[in-house]
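Below is a set of questions and answers on one protein model.

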Amino acid sequence: MSLAYNHTEIAARELKPSLYELEGISRQAVEAHYRLYEGYVAKRNEILSRLADADPAAANQTYSELRALKVELTFAIGGIKNHELYFEHLGGNGGDPKGAFGELVAREFGSVAEWRADLKATGMAARGWAWTAWDWDERRLFNYIGDAQNTFPVWNATPVVALDVYEHAYFLDFGTDRAAYIDAFFNNLDYAVVDGWVEAYGIGR
Ligand SMILES: [Fe+2]
């Protein structure tokens, strides 16, 4: 029997209590946002279980069950990974990063202010996500853009900051004022978490 679709069901990670006490981003918005994340987890589990029953002989690039399930699996997994990064590195006091991440952005962007300004602009230009990620091949830090949970990943790059700019992230608190939401995002970042990722992965060395 093929193990191609062997999988373990995963569960949504719990939110840290500090996520309910963000500055400018309400508990109501975070709770609604968390329910969307739970939905991505449930669909990832559902799609993987349904893939085992999809007929491989009917695989077709225009439409087939296999295609539909595999395309939407990337949306579900993207939604999980993006939001786990997002929730994990919020709940802090913002300010300027002073640790490993601060040193890295100062080196790669010239200054923390330059990094922040470019990530904000990238977020304003995106329809879903903006990420600060380290590309292991180019060995550089860059602010990448995403329009959906599954667009546009750059292979072999590791995101260390994930800015959600889908309307669901801010409409409840900020209406259409995305720029104000992005400022609030920066004010709630927990750079100790980001430093931990930079150090654990050996990014920038
Ligand atoms: Fe989101």
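Buried means under 20% relative accessible area, exposed means over 50%, and partly exposed lies in between (1.4 Å probe, protein chains only). The model is predicted, so local features need pLDDT of at least 70 and side-chain atom pairs count only at pLDDT 80 or more, while totals for chains, interfaces and linings use all residues. Residues are numbered from 1 along each chain as its sequence is written, and side-chain values use heavy atoms, with hydrogens and water left out.

Q: Is Asp147 buried, partly exposed or exposed?
A: Buried needs a value under 20%, and exposed needs one over 50%. Asp147 has 23% relative accessibility, so the class is partly exposed.

Q: Which residue meets Asp147 in a salt bridge?
A: A salt bridge is a side-chain nitrogen of Lys or Arg within 4 Å of a carboxyl oxygen of Asp or Glu. The N to O distance here is 3.8 Å, and the partner of Asp147 is Arg127.

Q: How many residues apart in sequence are the parts that Asp147 and Arg127 tie together?
A: Helices (H or I, at least four residues) and strands (E, at least two) are DSSP runs, numbered from the N terminus. Asp147 lies in the loop between E2 and E3. Arg127 lies in the loop between helix H4 (112-125) and E1, so the parts tied together are apart by 20 residues.

Q: How many salt bridges does a search of the whole structure find?
A: One of them joins Glu108 and Arg107 at 3.1 Å, N to O. Lys43, Glu46 and Arg50 are linked in a network of salt bridges. The search of the whole structure gives a total of eight.

Q: Which residue in E2 stands opposite Trp131?
A: Two strands pair if DSSP finds at least two bridges between them. E1 (residues 129-135) and E2 (residues 140-146) pair in the antiparallel sense over seven bridges. Their hairpin has four residues between the strands, and Arg139 takes a positive phi near 55 degrees. Opposite Trp131 stands Tyr144.

Q: Which element supplies the largest share of the lining of the largest pocket?
A: On a 1 Å grid over the protein atoms alone, a pocket is an open set of points with protein on both sides within 12 Å along at least five of seven lines, a cavity is a set where a 1.4 Å probe fits but cannot get out, and lining residues have an atom within 4 Å of a point. The largest pocket holds about 730 Å³. Of its 25 lining residues, the closest to the centre are Lys81, Asn82, Pro153, Ala157 and Pro159. The largest share, eight residues, comes from H2.

Q: What is the volume of the largest cavity?
A: Grid points are joined across faces, edges and corners, and a volume is the space filled by probe spheres set on the points. The lining residues include Leu22, His33, Phe87 and His168. H1 gives the largest share of this lining, three residues. The volume of the largest cavity is about 50 Å³.
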